Amino acid sequence: MRALTFNLAWRARPRLAHLQLTSALRPLVVASPARLAMPTATFDTTLGSFKAELYLEEMPVTVSNFIDLANTGFYNGVHFHRVIKDFMLQFGCPNAKDPKSRDSGTGGPDGGSAFKNIKTGATIKRNKGGNIDDEHALKASNELGTLSMANTGDKHTGGSQFFINTVHNDFLDWFSPGDSKHPVFGKIVSGMEVVKKIEATRTDGNDNPVTPVMVKTVIITM
């Protein structure tokens, strides 16, 4: 399996004259649909903790997939396997529980496993590769501090791996004209100094930290 990587209204309204509202004629108020509360994920790492908000309302499939993996302990004990200064930090491959595994970047959830769409209640089944469909729903750019899905460059190859942008990488946006299509599903809201500390760690020729950086737990708060 290939490693998951990147390709380097307004209009004028007519005046309504002499309209008076009486007790028998009141404006119709239509309630807006209630928005889902924005969950957060707290990452406890060997270099400190940081917290990210998750865009459940706009990206329900991607975020529900992530929350399912976090809540089942999938990410516990996994190491950052690819760190590139002034670019991003990549994480989420189960093979990276061994920080020096040559298979880091190629793994994901079990094929055919399922999770619940928190927004709709529907059950979603991952494909035989453990991947979900690309969710190109929210036009959020790959700005500093955002969480974005990793993939192989082919469609529907995102699973458990994602990256944290440490600069604004707009060429990775799914709505950009380039080949890279990486949808954003969250953003760091506290602990960015820890992210920067991870970014500054020394790496080998494969961009793997020389001193392993492990995520001990990912705790979801709804």
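Colleague: Where is His-156 placed?

Modeller: This is a predicted model. In it, His-156 has a positive phi of about 55° although it is not a glycine. Its place is in the loop between strand E8 (146-149) and strand E9 (162-165).

Colleague: Is His-156 buried, partly exposed or exposed?

Modeller: Buried means under 20% relative accessible area and exposed means over 50%, with partly exposed in between. The relative accessible area of His-156 is 34%, so His-156 is partly exposed.

Colleague: Which residues have the most contacts inside the largest nonpolar core?

Modeller: The largest nonpolar core has 42 residues. Its largest share, six residues, comes from helix H1 (residues 60-71). Those with the most contacts inside the core are Phe-43, Phe-66 and Phe-80.

Colleague: Which residues does Phe-80 touch, not counting residues up to four places away in sequence?

Modeller: Phe-80 is among the residues with the most contacts inside the largest core. Leaving out residues up to four places away in sequence, Phe-80 touches Phe-50, Leu-89, Gln-90, Phe-91, Ile-164, Ile-198, Asn-208, Pro-209, Val-213 and Val-215.

Colleague: How many residues are in the other core, which lies apart from it?

Modeller: Among the residues of this other core are Phe-87, Ala-150, Phe-163 and Leu-172. The core lies apart from the largest one, and its residues number five.

Colleague: What is the relative accessible area of Asp-207?

Modeller: Asp-207 is found in the loop between helix H2 (192-199) and strand E11 (214-221). Phi of Asp-207 is near 65°, a positive value in a residue other than glycine. Asp-207 is partly exposed, with a relative accessible area of 24%.

Terms used. Residues are numbered from 1 along each chain as its sequence is written. This is a predicted model: local features need pLDDT of at least 70, side-chain atom pairs count only at pLDDT 80 or more; totals for chains, interfaces and linings use all residues. Side-chain values use heavy atoms; hydrogens and water are left out. A nonpolar core is a set of buried Ala, Val, Leu, Ile, Met, Phe, Trp, Tyr and Cys residues joined through side-chain atoms within 4.5 Å. Buried means under 20% relative accessible area, exposed over 50%, partly exposed in between (1.4 Å probe, protein chains only). Helices (H or I, at least four residues) and strands (E, at least two) are DSSP runs, numbered from the N terminus. Contact means heavy atoms within 4.5 Å.
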